[in-house]
Amino acid sequence: MIEFKNVTKVYEDNGTLALENVSFKINKGEFVFLVGPSGAGKSTLTELIIHEEVATYGEVIVNDFILSEIKKNDIPYLRRSIGMVFQDFRLLPNKTVYDNVAFAMQVIGASRKEIRRRVPSVLSMVGLSEKAKMKPNQLSGGEQQRVSIARAMVNNPPVIIADEPTGNLDPDTAAEIMQLFEEINRSGTTILIATHAKEFVDNMKKRVLAVENGSLVRDEERGGYGYDI
Amino acid sequence: MKKEAVTDMIFRNIQYFLVQGFKGVISNRLMSIVSIGTVIASLVLFGLCTLLGMNVNYFADQIKDQCQFNVYMKKDIDRDGLRSVASQLESIDGVESITLYTKEDRFEKAKEDYDEQAKAIEILEENNPLRDSYIVTLTDLSESTRVAQLAQQIEGVEEVTNRQDIIDKILKVTDFIHNLSIWLLVILVAISVFIISNTIKLGLFARRKEINIMKFVGATNWFIRWPFIIEGAILGVIGAALAAVIVIFVYSSMLGSFSEFLGSIELLSASYASKIIIYSFLALGIGIGTIGSVLSIHKHLHV
């Protein structure tokens, strides 16, 4: 599903060593937390997975795409196989909740029929059926993140990657979002969450990958956060 | 994917690109107006220059078609002399016919032409200052220079007015206008492309968040690019259409007033000019708009 083989990333513009000799494998259906201090390399790791950045050395394999060999025209298809969720939600303010989610289907060429069938069902899964016609600015932070999750899962990707998905949310709302990720994971979707949310990592007892100074320092089944906040 | 599903998707995508293209034009209102204005100004100037050039060319063609020139006799030539010149002129290869135009005929014509000064002209009748001439009609205009040279050598001939001089001058003017049009086109098109490219750049900037989302949900590069290319083409086409309306209107209005002034000389008809303007402007408009947006996308859209 996601495999890093001795991956090193050096940013050419400033020579920063962001990741050094990182290897791990995430199998289908796993739920994994990616933890580590700010600037440790978590974002670089997720950017390598979606081919926003390219590994300097080593091999990244995602959903059978070997990223060192991937053709430019295949990058969109790689990204269709990954749902992305961000801390700042990245919703389009001028579109309704429904349209924000439908947009993700529209841009990959889905038919109107498919969109009409799939979007309401996904909105129902994230508990936003009643708010389909609202604009993002009429929603709470938690609801906006639910829209973002609905958009990430609408095209049925086998993997969802979330970068600090609860970073902007209060603890109760954050708990609801984490619960939602667990539900999605139960349906077989692989989940990778980069987070600083110690409480959830400690309580949920999932696999934890810890990155420090660009190196993978811990890969623990049913692990904890491991850092003081 | 089934063939119908692919066709359906292509049709849906085209519809999406067009809608997004128009949305881009409307949401980026101010710059769109500036872009359209620049295309209009460029194409109007270019169009008027082109029509001027085409008309001068057409005018030269009309003169060429006349295929005639005047051979003026020496003032003291007598009837025998005239007959001798006539037979020598007729024997020149390339001469189709000759017509005598006597100084008396020319004097009468002058009196008619200058009706108001008829009395003053009559005083000159006794000592007619005009000369007899032959109007030589050629079989082919390309023979003009050779025939004129031979005619000039005939005893009794004083001057040959070869219209080739005029034609050459007109052709020089046509060349000048032609070159001017080309340079104008190059400069004005470059300006229009630059302005449209900047308009698209602003559109790209305004929609960077949308583009970013499109990228990470897996839109193909061309799916992201097409709406901007179409936005540029729309700006070009709107500008071109308005410019065509202006040029055709100005030309039709000018045609009315100029045709009286130019007498027997015909100008290109409004319908012919309209056809040329509409087709060339639309092609130029689409070209300018597309090139402008492609340049901007190439420089600023890294998908």
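At what angle do H3(A) and helix H4 (residues 112–125) of chain A pack, and how far apart are their axes? The angle is about 125° and the axes are 10 Å apart. Axes here are lines fitted to C-alpha atoms, for helices over the stretch in contact, and angles run from 0 to 180 degrees between N-to-C directions. H3(A) and H4(A) are therefore oblique to each other; angles under 35 degrees count as roughly parallel, over 145 as roughly antiparallel, 65 to 115 as roughly perpendicular and the rest as oblique. Their crossing is right-handed, where a crossing is left-handed if the near helix is turned anticlockwise from the far one by less than a right angle, and right-handed if clockwise.

This is a predicted model, in which local features need pLDDT of at least 70 and side-chain atom pairs count only at pLDDT 80 or more, while totals for chains, interfaces and linings use all residues. Residues are numbered from 1 along each chain as its sequence is written, and chains are lettered from A and ligands numbered from 1 in the order in which they are written. Helices (H or I, at least four residues) and strands (E, at least two) are DSSP runs, numbered from the N terminus.

The contact of H3(A) with H4(A) joins Val97(A), Tyr98(A), Val101(A), Ala102(A), Met105(A) and Gln106(A) on H3(A) to Glu114(A), Ile115(A), Arg118(A), Val119(A), Val122(A) and Leu123(A) on H4(A). Two residues are in contact if their C-beta atoms, placed from the backbone, lie within 7 Å. By class, this contact has nine nonpolar residues, one polar and two charged. Ala, Val, Leu, Ile, Met, Phe, Trp, Tyr, Cys and Pro count as nonpolar, Asp, Glu, Lys and Arg as charged, and the others, Gly among them, as polar.

H3(A) also packs on helix H5 (residues 141–153) of chain A, at an angle of about 25° and with the axes 8 Å apart. That angle makes H3(A) roughly parallel to H5(A), and the crossing is right-handed. Here Val97(A), Asn100(A), Val101(A) and Ala104(A) of H3(A) meet Val147(A), Ala150(A) and Arg151(A) of H5(A). Five of these residues are nonpolar, one is polar and one is charged.

How many of the ten residues of H3(A) are buried? Nine are, so H3(A) is largely enclosed by the rest of the structure. A residue is buried if 20 or more other C-beta atoms lie within 10 Å of its own, exposed if 12 or fewer, and partly exposed in between, with C-beta atoms placed from the backbone. Phe103(A) is among the buried residues of H3(A). Their cover includes H4 and H5 of chain A together with helix H1 (3–27) and helix H8 (208–217) of chain B.

H5(A) has a further partner in helix H6 (residues 171–186) of chain A, with axes that come within 9 Å and cross at roughly 15°. H5(A) and H6(A) are therefore roughly parallel to each other, and their crossing is right-handed. On H5(A) the contact is made by Gly141(A), Gly142(A), Gln145(A), Arg146(A), Ile149(A) and Met153(A), and on H6(A) by Thr173(A), Glu176(A), Ile177(A), Leu180(A) and Ile184(A). This contact divides into five nonpolar, four polar and two charged residues.

Between the chains, 14 residues of chain A are in contact with 15 residues of chain B. Helix H2 (75–80) and helix H3 (97–106) of chain A each supply at least two residues of the side of chain A that touches chain B. H2(A) gives the most to that side, with four residues. The side as a whole has eight nonpolar, three polar and three charged residues.

Chain A has seven helices and ten strands. Its radius of gyration, taken over C-alpha atoms, is 17 Å, which agrees with the value near 17 Å for a compact globule of 229 residues; the globule rule is 2.2 Å times the number of residues to the power 0.38. Buried residues make up 44% of chain A.

Chain B has ten helices and four strands. Its radius of gyration is 31 Å, well over the 19 Å that the globule rule gives for 303 residues, so chain B is more spread out than a compact globule. Its C-alpha atoms fill a box of roughly 100 × 45 × 35 Å along the principal axes, and 30% of its residues count as buried.
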